[in-house]
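This report describes one protein model, from its overall fold down to single pairs of side chains. Please look at the sequence and the structure first.

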Amino acid sequence: MPEVFNDFFDTDFMPRTNATAPAINVKETEHDYTVELAAAGMKKDDFNINIDADGNLHIKMEKKNEKKEEEKKEHYLRREFSYSNYQQVYVLPDDVVKDNIGAKVDNGVLTITMPRVSKDDVKRIQRQIAID
């Protein structure tokens, strides 16, 4: 697994203290990285996933539920609010093809697939810039 993911996930600086933070799996194969985020009860429209100008992956999920129930016996209005919000920014490894990242939600899991380029291709992309 690339150092970038290790640095983020295996740190004592930011222990997982938030019980509402979803569980995340990161898988690596020769051809891609896959991020799986537990998202029970969430729909496609509850997510916003994008790449910022610095090439970082932003994952945001937000779910709002509001139930109104009028009980005629007691003559009052009862409201229950439910709100879930999660947002995280990930620094992507250099070998991710950022233009071909895909995402889907299925059976309560958000899956983000990030294709990789070969190490030789990454070396060709990285180069020294001459200073005039």
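The text below covers the fold, the surface, the core and the salt bridges.

The model is predicted: local features need pLDDT of at least 70, side-chain atom pairs count only at pLDDT 80 or more, and totals for chains, interfaces and linings use all residues. Residues are numbered from 1 along each chain as its sequence is written, and side-chain values use heavy atoms, leaving out hydrogens and water.

**Fold and surface**

The protein has two helices and seven strands. Helices (H or I, at least four residues) and strands (E, at least two) are DSSP runs, numbered from the N terminus. Their order along the sequence is α-β-β-β-β-β-β-β-α. Among contacts (heavy atoms within 4.5 Å) with a separation of 6 or more, 48% are between residues 24 or more positions apart.

The protein has 132 residues, and 26% of them count as buried. Buried means under 20% relative accessible area, exposed means over 50%, and partly exposed lies in between (1.4 Å probe, protein chains only).

**Core**

A nonpolar core is a set of buried Ala, Val, Leu, Ile, Met, Phe, Trp, Tyr and Cys residues joined through side-chain atoms within 4.5 Å. The largest one has 18 residues, and L37 and M114 have the most contacts inside it. At least two residues of this core come from each of β1 (24-28), β2 (32-38), β4 (56-71), β5 (76-91) and β7 (109-115).

**Salt bridges**

The structure holds four salt bridges, each a side-chain nitrogen of Lys or Arg within 4 Å of a carboxyl oxygen of Asp or Glu.

| Pair | N to O distance |
|---|---|
| K27 and E36 | 3.4 Å |
| K63 and D46 | 3.5 Å |
| R116 and D95 | 2.8 Å |

In the pair of K63 and D46, K63 lies in strand β4 and D46 in the loop between β2 and β3 (47-51), 17 residues apart. K63 is buried at 15% relative accessible area, and D46 is buried at 13%. K27, by contrast, is partly exposed at 42%.

What do D95 and R116 tie together? D95 lies in the loop between β5 and β6 (102-106) and R116 in the loop between β7 and α2 (119-125), so their pair ties together parts that are 21 residues apart in sequence. D95 is buried at 9%, and R116 is buried at 18%. Salt bridges with shared partners join E28, D95 and R116 into one network.
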